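Please keep it in view while reading.

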Amino acid sequence: MKLGQGNHLFQLLCFLLLTASTIEALSYDHSATIECLATPLQPQYKGGIIINPEFSNGLEGWSQFGNGKMEKRISKDGNSFVVAHTRNKPYDSFSQKLYMHKGLHYTFSAWIQVSEGSETVTAIVKTQRGYTIAGTVVAKSGCWSMLKGGLTVESSGPSELYFESKNTNVEIWVDCVSLQPFTKEQWRSHQDQRIEKMRKTKVKIQATNAQGESVSGAIISVKQKKASILFGSVINKPILDNPAYQNWFTSRFTVTTFGNEMKWYSTETSPGKENYSVPDAMLKFAKQHGISVRGHNILWDDNKCQPLWVQSLPADQLRAATERRINSVVSRYANQVIAWDVVNENMHYSFFEDKFGKDFSAYVFRKTHKLDSQATLFLNEYNTLEYSGDTKTNPNMYLQKLREIQSRQEKSAQIGIGVESHFGATPNIPYMRSALDTLAAAGLPIWLTELDLPYSQNQAQYLEELLREAHSHPAVQGIVLWTASPPNECSMMCLTDSNFKNYPTGDVVDKLLHEWTHNNLAEVRTDSNGFFETSLYHGDYDVTLIHPTKN
């Protein structure tokens with residue numbers, strides 16, 4: 001079939017048929033790999049709406065894009081793929097024309113290789129409204145790398161998928177392409193199914209008497225003491241003197257991060273004069289209420305975020321001051337925090353690596369582990385989930401950096417993936433899920449460490465979508481919101497007003513906390529064999545059994 005308006009009509013008809021039948025039962029494929037394979041895996045969803053995804057029918061469905069050349073090739077083992085060569089512009093490659101729909105979530109994947117070295121290759125969708133990056137991967141020669149991404153479109157209409165690489169000297173090889181649409185209802189169904197499978201457990205309770213005999217009709221009360229979900233928000237110094245703020249916060253959250261109070265510029269405002277009185281008091285408050293604390297942060301690599309006196313130090317004095325900082329903050333709070341953001345935004349900035357060498361971040365991880373062996377250690381970065389166009393910190397680049405650090409650690413070191421999650425006004429939910437899939441392939445715990453998004457009319461709706469997406473992903477172990485502390489101005493996301501009455505965003509948090517924790521069961525009775533079965537969210541519970549006529 002030749003590309004053109006007729007092909008768009010064909011894809012639209014196929015989509016309508018799929019919506020009516022096949023897609024309704026289609027599960028989301030969380031699989032992703034960060035390994036470079038000799039042969040690409042089969043296309044997810046059999047290619048979805050992509051025509052000729054494995055190039056088994058020559059170049060049917062595909063066209064030249066730009067002024068480069070394209071051709072089909074076959075590997076020694078008989079695998080067919082498409083090649084863009086003789087390229088002069090980054091976008092000189094090949095494309096497929098599509099018809100995409102507003103309101104759908106599209107998940108994308110493809111297998112990529114380059115002719116020599118390793119290069120960043122990006123999948124882009126061109127629409128009438130502009131260009132959207134579906135995903136990016138660092139492709140290598142000699143093996144196939146999986147690019148996984150996702151997107152939505154602002155309006156229904158014709159679109160075009162193509163690939164690009166800034167290095168025009170390399171050929172771009174592509175195989176096993178997939179673009180699969182899901183309705184928002186299907187997407188939500190996937191979330192609910194994952195939550196039911198991952199966050200809950202079926203429990204069977206049996207009532208017996210002193211002789212071990214089953215007791216039917218016993219009244220069971222099940223009360224959740226503490227949920228296992230680590231869900232919280234940032235706090236700042238004002239909470240120490242505000243009982244209303246304290247009550248609102250402690251009745252909801254199980255984990256927190258101190259916004260600025262543990263950072264170097266707060267604890268050592270002049271050389272050698274350390275003051276930990278504020279973070280000490282905040283840690284005491286958290287402990288009193290059973291709230292876990294993440295240590296944030298040991299070193300921040302942004303030059304502008306160093307203590308003022310640090311920036312002008314000569315190299316030897318800077319190294320001594322940095323060593324003192326690491327020893328001081330980690331030793332003080334060792335075994336009291338559950339995690340450390342060891343280096344903050346290290347992939348966008350490089351203050352310490354520029355001074356002390358590329359291996360310095362790995363050294364800080366090693367030193368932190370020696371001082372606090374129980375804490376999980378994080379590389380904390382932004383734009384890994386939030387923005388598909390940041391080539392510095394896309395999931396592949398993040399994992400590449402983390403693997404370099406991890407390879408220089410003791411086996412006992414617990415390493416985690418810290419993604420800040422400062423989203424824009426309209427989050428790209430399909431890309432977020434695909435990025436989590438790719439990060440999860442590393443087999444490490446993932447935390448969303450500073451989740452927020454700017455104010456808009458749809459802020460509460462988008463916050464709920466982000467939280468559901470994070471909570472339903474099997475690799476996510478914790479979520480911390482980055483919210484303004486009343487009564488400060490809402491330069492960041494706010495959950496309440498200055499009187500701690502919820503804004504719509506706060507209502508979303510309460511709604512989801514209620515949904516994700518177990519409603520207390522009272523006045524339920526055991527069956528004729530003395531059993532009662534239910535499904536409970538993970539956490540700590542008190543269970544009481546009473547029989548109206550028996551002891």
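A salt bridge here is a side-chain nitrogen of Lys or Arg within 4 Å of a carboxyl oxygen of Asp or Glu. The model is predicted, so local features need pLDDT of at least 70 and side-chain atom pairs count only at pLDDT 80 or more, while totals for chains, interfaces and linings use all residues. Residues are numbered from 1 along each chain as its sequence is written, and side-chain values use heavy atoms, with hydrogens and water left out.

Searching the whole structure gives 20 salt bridges. In one of them, glutamate 160 pairs with lysine 97, with 3.6 Å between the closest N and O atoms. Glutamate 160 belongs to strand β9 (residues 157-164) and lysine 97 to strand β4 (residues 93-100), so the pair ties together parts that are 63 residues apart in sequence. Strands (E, at least two residues) and helices (H or I, at least four) are DSSP runs, numbered from the N terminus.

Next comes the sheet. Two strands count as paired if DSSP finds at least two bridges between them. Five strands form an open sheet in the order β2-β3-β10-β5-β8, with antiparallel pairing. Because β2 (69-74) and β8 (145-151) stand at the edges, each with a single partner strand, one side of each is left without a neighbour in the sheet. From one strand to the next, the twist averages 35°; axes are lines fitted to C-alpha atoms (for helices over the stretch in contact), and angles run from 0 to 180 degrees between N-to-C directions.

Helix α2 (residues 184-198) touches β5 (105-114) and β10 (172-182), and its direction makes about 95° with that of β10. Helix α10 (residues 429-440) touches β5 and β8, at about 155° to the direction of β8.

Another antiparallel pair consists of strand β6 (residues 118-127) and β7, joined by 10 bridges. A hairpin connects β6 to β7 through two residues. Isoleucine 124 stands opposite isoleucine 133 in β7.

How do the domains meet? An automatic or database domain assignment sets the bounds, giving domain 1 (36-182) and domain 2 (223-516). Their C-alpha centres lie 35 Å apart, and 14 residues of domain 1 are in contact with 13 residues of domain 2. Buried area is the accessible area (1.4 Å probe) that two parts lose on being put together, summed over both. For these domains it is about 1000 Å², with carbon and sulfur atoms giving 58%. On the side of domain 1, Ile133, Thr136 and Lys148 lose the most area to domain 2, together 42% of what that side buries. One salt bridge is counted between the domains. The side chains of aspartate 437 and lysine 148 meet in a salt bridge at 2.9 Å, N to O. The elements giving two or more residues to the side of domain 1 that touches domain 2 are β5, β7 (130-140) and β8; the largest share, six residues, comes from β7.

Two backbone details remain. Most residues other than glycine have a negative phi, and most peptide bonds are trans. The peptide bond from histidine 296 to asparagine 297 is cis, with omega near -15°; asparagine 297 is in the loop between β15 (292-295) and β16 (299-300). Phenylalanine 55, although not a glycine, has a positive phi of about 60°, and its place is in the loop between α1 (5-20) and β1 (63-65).

Note on methods:
Contact means heavy atoms within 4.5 Å.
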